[in-house]
Amino acid sequence: MTLDPKGAALALHRFGFGPKAGSIAAVASDPLAAVLADLEAPRAGQITNSDLTSGGAENRAVYESNAERLAQQKLEQKRKRAAEAGIDNPDATAMMADKPVTTPPVAGQDQPAQPKPVPLPRQIFLKEARARFDAALDAEIGLVERLVWFWSNHFCVSFDSTVMAGAYEREAIRPYVLGRFADMLLAAESHPAMLLYLDNASSIGPTSVAGINRDRGLNENLAREILELHTLGVRTVYTQADVTNFAKVITGWTILPTVDNPDHGGEFVFNRRLHEPAPQTLIGNTYPDTGVEQGRSVLADLAHHPATARHVATKLARHFIADDPPQRLVDELTQRFLDTDGDLKEVTKALVRAPESWAPEQGKIKRPGEWLVATRRAVGRQGAIDRLMRQQALMGEPLWRPSAPKGFSDDNAAWLDGLAVRLESANTFAQAIGADLDPQAVADNALGPLATQETRLTLARAESKPQALALLVMAPEFLRR
Amino acid sequence: MSAKLHSSTRRELLLGTGVLFAWAFVPRMARAEGRDPRFLTIVLRGALDGLAAVAPVGDPDWIKLRGDNALRLDGKAPALPLDGFFALNPAMPNVHRLYQDGQATIVHAVATSYRERSHFDGQDVLESGLPKPGAVDTGWLNRALVGLASDGPPSRPGRRAFAVGPVSPLVVRGAAPVLSWTPPRLPPVSDETTMRLLDLYRHTDPTFARALEDRLGLAAIARAGGMSNSPNDNTPAIQGGGIEQVRAYFGEAAGAAARFLAAPEGPRIGALAFDGWDTHVNEGAVGGRLANLLGALDGAIAAIKTNMGEAWGETVVALVTEFGRTAHVNGNEGTDHGTGTIALLAGGALKGGRVIADWPGLKESDLYERRDLKPTIDLRTVLKGLLKDHLRVDDRALAADVFPGSEAVAPMAGLLT
């Protein structure tokens, strides 16, 4: 049996999250088979070991927490006013009597100051981020997790719009990364996080009951981005009329208000009163008004459109292989997508099997988040999630906070500017743990035969172990994949 | 922070970034004598050029050896005279003042027992105190502490060793409990690190090389223009190892260490490490990069003295490095890995104002392997002398546990007042 440690190291960086100790040797007998086997791992892509709740539950918890804080503040004001007026305040107690008070009273002067509690949304963010980071750390190779990151960015939402951004990834992306594109599309576009992020929750059909009564109307944001970013691709086969008609189709796709739905607030609902009651024509097809089914039919057709197949194939190849991916590869992935009814596992297999995917040049720069995971895998450390997330944000890729619905860029040029900040992050990381590690051993684990002679020499000549570790994770072979 | 040390929680201590040792052990014998000694070790990682820090201006071969890079008493930036034969780098006026006040001692042509030239192994020998690298994962300072019995409730911070920095240096690690404190400011990316990375990129990845050069250029402009680079800035720019950042970090870390050591209930023994001394290219002993670093170190020593307050009188600070550098300047106006170098001692407890040396000379035939300053003093004799007379570690422990295999290396006497 011939061993291919170089191919193994390349595969681990290109298709996974970088090698851990022993990874290169473990897959050296057949790197291609190992990468394909990653797709067959039981429960691949699922987060199993976590006490995370549903997005709806997170949403309600934050709502309750805010409401309680507000009540507490009002009570304090009332007490203060009463105290100023020199009277007791018996009705305040009565007011709160039937309601459990979960917030402690404000600390008096004789009590030690409490550390400021982490706000609930931040707690949720960190918990979700930890689960995601750990899934990437724990994966043997990590191809399925890479797919999760890719699709989550393709169908991105923002934590700034909704506390459910992390749950969205678990609920709308993870279950489908090895399933059908059509299913992921429906799950993503009908998820409350997406409906809030791209404003469809407040879009109202102009001639719907609510539209007439409230004199409010359509919001085209989600419809446009589905066509432009999620499916067909910009400047393809649709017109402004298609956008407007599609927006009408998905009116009524909204969420249950939390204020009067203590058990289901924040969950998806089709509200017929907001829905534009008419047939709509899109890209040559007419869809009768079948309520929520009207939107589902449009999404199903979009999922199978050749322009969608090409758009998705191009993005996948650009993410994994090259900024300007080889035409033949894009053609093959497009065809595979169309032939398999958008079976993403089959499309991924075609990507992994393609000869272009094994070119020895490391053409792509790891995105900051990927690179952070790779650094921790290389040394077998977990890292504190709040600090990791702060660094990822400083490097230009704040988790679940893209600056636009297009998501974070997959072009190398976008990440070159951040190189110096990455060096600072590498330095901080290396200063904290580098003194305990043998840099050559880490290089063997993380790069193996990918390490150039120049890199090996640079590490050997470093003035300290921390410096060597910083240089190692900043070496081109480690930054690229 | 210093005044509240006794109420600081362990968590607060662990949050900072320098390495001070908070000891669970206190020098009992010294206490019995009515003393309360403080001892701080500063490891200079990367191999300090001892000849550039303390120059043998009285050696007839000196100018010939270093040429334009030689410190001299009549140079543009005149070296600061010490004892007629040696002179101090002019970037270190504070140390010079201490020397004149009898509170600084230099030991020259000194080295550990290590004779190869690997930083990692050299640092391992320096900090572990063993003759060979890779032998143990404890440091001599920690093992010295183990030999000193505790004389108080172990929960008090004063009963522990203390380390400043993101990672406790090996020299203080071991069985004796160590508290570490990390300053709020992390050590900036050093120029050394950046230049090495840039060099690697220039050879292997021109795209990265250009990108990094561009950012460094911007950073330099930002620094020259006095633009802030605060952590709250939304557009983080590279710190680029600007000397101001280095100076601030050195001062903050050393100053904090001193405040901890000075506190009545604080730790008594500590250690920290400063990187950046590996000057292969454009060393800049006079007005250049090394001068800047030495200046930052001089500032750190001044900060220690200030923050120690009255405790300075019972303090010894030992600055040590893994080895020295080549006697000759190399083809890049720098120096390569060598052997003999200096150890710098500062503190009010010293009988200072002296350069201690058995000068080997600088002629080709005087040099170790015809390239390095020949070591004539074993660094262990100096450290053993300090541990014995300052902290009262006994001879047997010094030879058996602290510096195993050093029976033949006697503690140097008379270093303290």
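Predicted model: local features only at pLDDT ≥ 70, side-chain atom pairs only at ≥ 80, totals over all residues.
1. Let's start in chain B: strand E2(B) pairs in the parallel sense with strand E9 (residues 269–274) of chain B over 6 bridges. Two strands pair if DSSP finds at least two bridges between them. In E9(B), B:Ala273 is the bridge partner of B:Val43.

2. Residues are numbered from 1 along each chain as its sequence is written, while chains are lettered from A and ligands numbered from 1 in the order in which they are written.

3. E2(B) also has 7 bridges to strand E10 (residues 315–321) of chain B, and these two run parallel. There, B:Leu44 has B:Thr321 as its bridge partner. Helices (H or I, at least four residues) and strands (E, at least two) are DSSP runs, numbered from the N terminus.

4. How many residues of strand E2 (residues 38–44) of chain B are buried? 7 of the 7 are, so the strand is largely enclosed by the rest of the structure. Buried means 20 or more other C-beta atoms within 10 Å of a residue's own, with C-beta atoms placed from the backbone. One side carries B:Arg38, B:Leu40, B:Ile42 and B:Leu44, and the other B:Phe39, B:Thr41 and B:Val43. In a regular strand, side chains alternate between the two faces of the sheet.

5. Over in chain A, 10 of the 10 residues of helix H24 (residues 465–474) are buried, so this helix is largely enclosed by the rest of the structure. Among them are A:Lys465 and A:Gln467.

How values were computed: Buried ≥ 20, exposed ≤ 12 C-beta atoms within 10 Å, placed from the backbone.
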